[in-house]
Structure formats: structure tokens, C-alpha cells
Amino acid sequence: MNFELTEEQLAVRDAARDFAQTELLPGVIERDENQIYPKEQVKKLGELGFLGMMADPKYNGGGMDSISYVLAMEEISKVDASCSVIMSVNNSLVCWGIEKYGNEEQKEKYLTKLTTGEHIGAFCLSEPEAGSDATSQRTTAIDMGDHYLLNGTKNWITNGGTASTYIVIAQTDVDKKHHGINALIVEKGMEGFVVGKKENKLGIRGSDTHSLMFTDVKVPKANRIGEDGFGFKFAMSTLNGGRIGIASQALGIASGAYELALQYSKERKAFGKEISQHQAIQFKLSDMATQIEAARLMCFHAAALKDQGKDYVKAAAMAKLFASKAAMDITVEAVQVHGGYGFVKEYHVERLMRDAKITQIYEGTSEIQKIVIARELLKR
């Protein structure tokens, strides 16, 4: 086991850290308060290569490994989890899914623009009645010969309003159940495709989350990813990688809150000395640092397995389960360390606490992660 990061990985981490501090930190509270999408910041992310990090350079990608992706996600998430979820969806779900399973025409047409940020991607799986139970798709894609006729509604779609390219999971043959599901690439502007209301969320308020409605949308057969009936397998495989991204996001939120709490504890005085000198605060900081270290190693482990072409399903689920709980625990404690100031927006930790909760819900709830982990354990 080699726990040393390469020079390239360290350079990626440092570049992401610099971007987060110089480009994301100014205005992050205002964007959260007013639900402002970080348009200029996302554009710069694309220019720096952070929106197609793992894609092949021949598709304008960065050709980086998954460890570098974890490092970048942590640094961005320390400051602005709204921006990091935009980055995660584009990298983990859309770019990776199209590169891994799409054909050459789809890669040339869509991937080359997604990797640079010229286009932003969205992954459309959840529905009003199909969240954790992804097999119960009500959105239908009826085979009409040379095209599919798409009808239905998708809910809680990250990048729902700003995306240009949408991967939509839909049912083509109900009798085949999950074997009758397809993944289709849908473009904004297709007739019958309407972006619904923007959700007013607890956290990650700078990212845009929408419902999407499809009414007799004609999607060319050329836009289907993989063979007929491959959609469910595509969605599950893509989400496995996405869990590494969200685990890294949770890690970053936790790390950001811890660093703020540590700094504050050295400045705030109570009973004649810095509160960092009080054992009650030291124990909190010790627990926070230990959870972060464990979460980071679990993220690295899942990422390393993925890079080596090994089975990373269990490792990714464990990383997401653990890191998301750590994010909740640590952000709550960071608010506690700050005391009354922690309840005030200008100290950032209350926002990180609100942002942390979603990491236990999207891309598979914590309960679903436990099911995945148990299934993998019982295979052996």
C-alpha cells in the first residue's frame, strides 16, 4: 500500500483549493441566500478542466485518475457544495456514462462539449414515485421505429434548468420490468420537453434542481445508450461511480466545517484561555479529525479500485454511507464549537450543516447503501 500522492495529484488538489478560495468563497453566502446559480464559476471550472476530469483527452477530457477527482471534489466542497454537485453530476454520471457506454457518434457529438463545460449535463432517474425504487419507472419511451416517443416526469434533477444534455431513464417494455428500461440522450429544446419549477431547498441552494416534463418528445434511436433494455444496468453502473463523487463531496463539507471550527477554537477565548485549550473542545476536534481521516481513506480506496478496473461497488457504497454520516456529525459539532456565532450565516458552518444533509439522500440514500453493502457481503 502506497499512501503517497503523486506530484500530478497534488497539483490537481492545489489548483482546486486555489480555485475554491479565490473564485468560490467570495459571494458564496449570497448565492446560497438567493439561490443564485454559479454561472461564471462553473464556466471557469470547465476552462480549468474540472468538468471532464476523467474523460479521455481525445474527447477534450483531462485524462485524470479517480484519486485526482476525489481530491478536487473535496477542495471544491469545502467552500461551495452547490458548485461541487454540479461538477459531480457532470463528471461522474454524464461524462463517465457516455464515455463508458456510449458509441463513438454520441461521444463526438455530446461528450466533447460536456468535458469543457460548453454544455452541462443532467442525469434523470428519479420520479415522483420512483426514488430509491429505480425499477418503478413511470416515464415511458415507446419504440416508434426510428425514434422513441418519450412521456413522463422526472423530479429533483440537478442541473435541471441549466443543462443542455440530459440522460433520461425510461421504460420501453413494461412486461420486461427492469430489463425493458432504456437510457436516452435528450437535448434541451426538443419539442414537448419542458423544464418545471425550481425547488426551494434546505441546502445546496446555489445548484438548480428542477422537475422535468416530457410530452410526446421524439428522441432519435441514435440517442439510445447501449442495446435495447440496457438502461437500468446503465443507471446502476453509473451511480456506483457517482457515489464516489458524493462521498468526496461529503468529505469536503466535513473538512471545511472542521477547518473552520479548528481555526475558531484558536481565536475564541472563554474562562481566560482559547477554547481549544478546553478538553471538551479538544475531544470534539479529535473526533472530527478522526472521522475525516477515515472518510478520506475510504474515498481513496473506492477510487483506487475503480482506477484498477476492480469491483468497487461495496467500497463506493461504504464510502458514501460513512462520509455522509461524518459530514452530518461534523457540521453539527462545528456549529456547536462556534456557539452562537455558528448560528449566524457569515461564519459559514450553518450553511455547511444544511448542505451536508443531502449527501445522505441523493445518489442512493444511506438506507440503500446498506442494502448494497449487505448484498455484496452476502455474495461471498
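1. Thr 112 sits in helix H6, residues 104-114; helices here are DSSP runs of H or I with at least four residues, strands are runs of E with at least two, and both are numbered from the N terminus. The model is a predicted one, in which local features need pLDDT of at least 70 and side-chain atom pairs count only at pLDDT 80 or more, while totals for chains, interfaces and linings use all residues. Residues are numbered from 1 along each chain as its sequence is written, and side-chain values use heavy atoms, with hydrogens and water left out.

2. Thr 112 counts as buried, its relative accessibility being 12%. The classes are buried under 20% relative accessible area, exposed over 50% and partly exposed in between, with a 1.4 Å probe and protein chains only. Neighbours within four places in sequence aside, Thr 112 is in contact with Tyr 59, Asn 60 and Lys 107; contact means heavy atoms within 4.5 Å.

3. Asn 60, one of the residues in contact with Thr 112, belongs to the loop between helix H3 (39-47) and H4. Its phi is positive, near 70 degrees, in a residue other than glycine. Asn 60 counts as partly exposed, at 44% relative accessibility.

4. Lys 177 is in the loop between strand S4 (165-171) and strand S5 (181-187), and at 61% relative accessibility it counts as exposed.

5. Thr 153 is part of strand S3, residues 147-158. With a relative accessible area of 29%, Thr 153 is partly exposed. Residues up to four places away in sequence not counted, Thr 153 touches Glu 127, Pro 128, Thr 139, Leu 212 and Met 213. Ala 170 lies 17 residues from Thr 153 along the chain, and their C-alpha atoms are separated by 10.0 Å.

6. Helix H1 (residues 7-24) packs with H4 at an angle of about 20 degrees, the axes being 8 Å apart. That angle makes H1 roughly parallel to H4. Axes are lines fitted to C-alpha atoms, for helices over the stretch in contact, and angles run from 0 to 180 degrees between N-to-C directions. Angles under 35 degrees count as roughly parallel, over 145 as roughly antiparallel, 65 to 115 as roughly perpendicular and the rest as oblique.

7. The crossing of H1 and H4 is right-handed; a crossing has that hand if the near helix is turned clockwise from the far one by less than a right angle, and is left-handed if anticlockwise. From H1, Gln 9, Val 12, Arg 13, Ala 16, Arg 17, Phe 19, Ala 20, Gln 21 and Leu 24 meet Ile 67, Ser 68, Leu 71, Ala 72, Glu 75, Ile 76, Lys 78 and Val 79 of H4. By class, this contact of H1 with H4 has 10 nonpolar, three polar and four charged residues. Ala, Val, Leu, Ile, Met, Phe, Trp, Tyr, Cys and Pro count as nonpolar, Asp, Glu, Lys and Arg as charged, and the others, Gly among them, as polar.

8. H4 also meets H8: their axes come within 8 Å and cross at roughly 145 degrees. On the H4 side the contact is made by Ser 66, Ile 67, Val 70, Leu 71 and Glu 74, and on the H8 side by Arg 296, Cys 299, Phe 300, Ala 303, Ala 304, Lys 306 and Asp 307. These residues divide into seven nonpolar, one polar and four charged.

9. The length of H8 is consistent. Its 29 residues (279-307) should span 42 Å at 1.5 Å a residue, and the end C-alpha atoms are 42 Å apart, which agrees; the expected span is 1.5 Å times one less than the number of residues. Buried residues of H8 include Ile 281, Leu 285, Met 288, Ile 292 and Ala 295. The buried residues of H8 pack against helices H4 (66-79), H5 (81-101), H7 (231-267) and H9 (313-338). After H8 comes Gly 309, with a positive phi near 75 degrees.

10. The axes of H9 and helix H10 (residues 349-357) come within 9 Å and cross at roughly 160 degrees. That makes H9 roughly antiparallel to H10. The crossing of H9 and H10 is left-handed. By class, their contact has nine nonpolar, two polar and two charged residues.
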